Structure formats: C-alpha cells, structure tokens
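User: I have a structure open and would like to go through it. Can we start with what counts as a contact?
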Amino acid sequence: MSGSAVAVADLHYSYPDGVAALRGASLTADPGEAVGLLGPNGAGKSTLLLHLNGILGSNGSVSVDGAPLSPANLPAIRQRVGLVFQDPDDQLFMPTVFDDVAFGPRNLGHDSATVEARVRSALATVGMAGTESRPPHHLSVGQKKRVALATVLVMDCSVLVLDEPTAGLDPRGRREIIDLLQSLPQTKILATHDMALAWELCQRVVILDEGQVVAAGPTRDVLRDEKLLAQHGLELPALLGHSGATGCVLLQSAFLTAGENWHGNCDG
Ligand SMILES: Nc1ncnc2c1ncn2[C@@H]1O[C@H](COP(=O)(O)OP(=O)(O)OP(=O)(O)O)[C@@H](O)[C@H]1O
Ligand SMILES: [Mg+2]
C-alpha cells in the first residue's frame with residue numbers, strides 16, 4: 001500500500017525442514033502507527049517479523065517506506081528497520097554493553113566520537129546510562145531487553161520491530177518498557193501474547209493463525225470479539241481488582257466499557 005511505512009503482501013515462507021510457517025500473510029503499518037501481531041504459539045509471528053529486515057527471505061513482498069526489500073537495498077532497509085528479538089541473549093554478544101550498542105554505528109564507519117555520543121544517547125533513552133562497561137550477561141532480563149532496544153535505537157531506525165517485548169518482565173519492568181515504547185515516535189510492529197500491551201499501545205492488531213491473517217482491524221474492535229479470540233486460542237486477561245464497597249472483586253475483563261466492568265465477588 002503506498003504511503004505505508006511497512007507493507008507485507010502475500011508472504012509465504014517454509015523452513016528448510018518443510019514446515020510452512022507463513023501461508024500468504026499480509027499486513028501494513030502507517031508511519032508512526034503501532035500494530036500488534038497476535039496469534040497462538042506457532043502461528044508464524046516471529047517468522048513474519050524476521051522477514052521485515054530480510055533475516056529470512058521470501059517469495060512474497062515486503063516493502064519499507066515504499067522500497068521493496070531486495071538484495072540491492074537490504075543494507076538501507078536494515079538501517080531503517082530495527083528488529084528486537086524476544087530473547088535479548090540472541091541480540092547481545094559483545095563483552096560490554098558499550099560494545100554491543102556501538103556495534104552497528106561502528107559497522108557504518110562512524111568515528112569514535114560519533115559512536116560514543118550515539119551510544120550514550122541510546123542508553124540514556126532506554127534508561128541504561130552508566131552501564132556501558134558492564135558485561136551484558138551480568139544484566140537482568142529487563143535490563144538486557146533495554147540494552148537490546150538501544151542496539152537498534154542507536155541506528156536511528158524509523159521502524160521498530162519487537163518480538164514479545166514484555167515477555168519475562170516483572171510488572172514494574174513491563175510498565176517501564178510500555179512507557180518507553182509509548183514515548184518513542186517510530187512506527188512499531190510488535191508480536192505479543194500480552195493482550196493488555198496490545199490494548200494500550202497498538203492502534204491496530206492483526207491476528208495470525210497457521211501462517212495466515214485471520215483478522216485485522218482497530219484494536220478495540222478486534223479484541224472485543226470474544227468468539228474470534230477463542231477460535232484462535234486467545235483471550236483477554238481476567239484480572240483481580242479491589243472495589244471500595246465490596247472488597248476483592250473479580251474483574252473478568254479489563255477491556256469492557258465502564259459499567260460492564262464488575263463481575264462478581266471473590267467472597268461470593
Ligand atoms: N528454525 C525453524 N526451523 C523449522 N521450523 C521452525 C523454525 N522456527 C519456527 N518454526 C516453525 O514455524 C512455525 C511458526 O513459528 P513461529 O516461531 O514463527 O511462531 P510464533 O507465532 O512466533 O509462536 P510463539 O507465539 O510460540 O512465539 C511453527 O510451526 C514453528 O515450529
Ligand atoms: Mg514467536
């Protein structure tokens with residue numbers, strides 16, 4: 001679609017062992033938009049994300065800012081699209097945090113003063129200033145996830161592609177990463193099982209199942225469709241909350257409109 005920051009059309013991909021992971025998947029993201037990629041385990045979400053900066057090839061069509069992903073413009077697209085893996089240990093491999101964040105700018109041939117300025121700025125953005133000399137493998141999962149994000153922000157990318165950005169984080173770490181993502185202006189495409197994250201951050205969601213898109217639309221419309229979610233192994237989280245009048249109450253869904261919220265009492 002012209003004007004899209006990212007457009008994926010009819011993407012097919014089979015792994016070398018023959019598993020057909022993507023069977024005609026399509027999605028678009030407008031500039032500045034956050035799009036959530038939802039779906040059960042094995043749906044093909046991570047496989048699709050790996051196509052967005054050419055880690056996996058395809059016989060479908062991926063374009064970024066209108067430029068098709070091809071061998072000739074792969075280097076330019078890799079600068080524009082920053083991919084953050086679910087497991088930060090897949091992203092961080094250098095002896096220090098500084099070296100990991102500096103890896104991309106050094107590869108671009110920037111001088112050391114520019115590299116240092118960019119690394120410090122990226123680490124400050126993710127709240128990890130002061131950790132430059134630490135070995136990444138000594139950091140907590142949440143800290144590693146922030147440094148992994150810094151390794152792509154340092155490249156000044158215009159599209160952030162994130163695989164399960166809140167997985168493995170405690171509530172505070174999760175809140176911090178959501179707030180950080182909210183504050184970043186880039187286009188975002190994120191695969192997640194965290195429905196509350198999708199609700200809060202994404203203007204649109206796409207549900208993938210068995211390598212195909214089975215639903216796409218405004219987050220609030222798609223996530224309210226309980227039957228659709230159930231058909232694809234998804235559900236909204238049930239939350240425990242407290243009400244002043246009755247004490248502990250079960251909040252069946254955090255996503256119902258006001259007045260529909262309260263569903264029973266823990267004592268009852
Ligand atoms: N390296 C691989 N080699 C072979 N098959 C793979 C490989 N990686 C993934 N697959 C298969 O491709 C399909 C899609 O997997 P993918 O990891 O993309 O799903 P996902 O939606 O990200 O799942 P999850 O929610 O568990 O992360 C699955 O059937 C999976 O077993
Ligand atoms: Mg995955």
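Analyst: Two residues are in contact if their C-beta atoms, placed from the backbone, lie within 7 Å. Keep in mind that this is a predicted model.

User: What about the largest nonpolar core, how many residues does it have?
Analyst: That core has 69 residues. L37 is among those with the most contacts inside it, along with V6, V35, V101, A150, V161 and V205. Helix 5 supplies the largest share of this core, six residues. In soluble globular proteins, nonpolar side chains tend to be buried together.

User: New topic: helix 4. Which of its residues are buried?
Analyst: V115, R118, V119, A122 and L123 are the buried residues of helix 4. They line one face of the helix, because they fall within an arc of 130 degrees seen down its axis.

User: And what do those buried residues pack against?
Analyst: They pack against helix 3 (97-107) and helix 5 (141-153).

User: Which residues are exposed on the other side of helix 4?
Analyst: A113, A117 and A124 are exposed there.

User: What comes after helix 4?
Analyst: G127 follows, with a positive phi near 75 degrees.

User: Last one: what surrounds ligand 1?
Analyst: The shell includes Y15, D17, N41, K45 and T47. By type, the shell divides into four nonpolar, six polar and two charged residues. Helix 1 (residues 45-51) gives the largest share, three residues.

Notes:
Residues numbered from 1 in each chain as written. Chains lettered and ligands numbered in written order. Predicted model: local features only at pLDDT ≥ 70, side-chain atom pairs only at ≥ 80, totals over all residues. Buried ≥ 20, exposed ≤ 12 C-beta atoms within 10 Å, placed from the backbone. Helix = DSSP H or I, 4+ residues; strand = E, 2+ residues; numbered from the N terminus. Arc of directions from axis to C-beta. Near = placed C-beta within 6 Å. Nonpolar A, V, L, I, M, F, W, Y, C, P; charged D, E, K, R; others polar. Core = buried A, V, L, I, M, F, W, Y, C linked by C-beta atoms within 7 Å.
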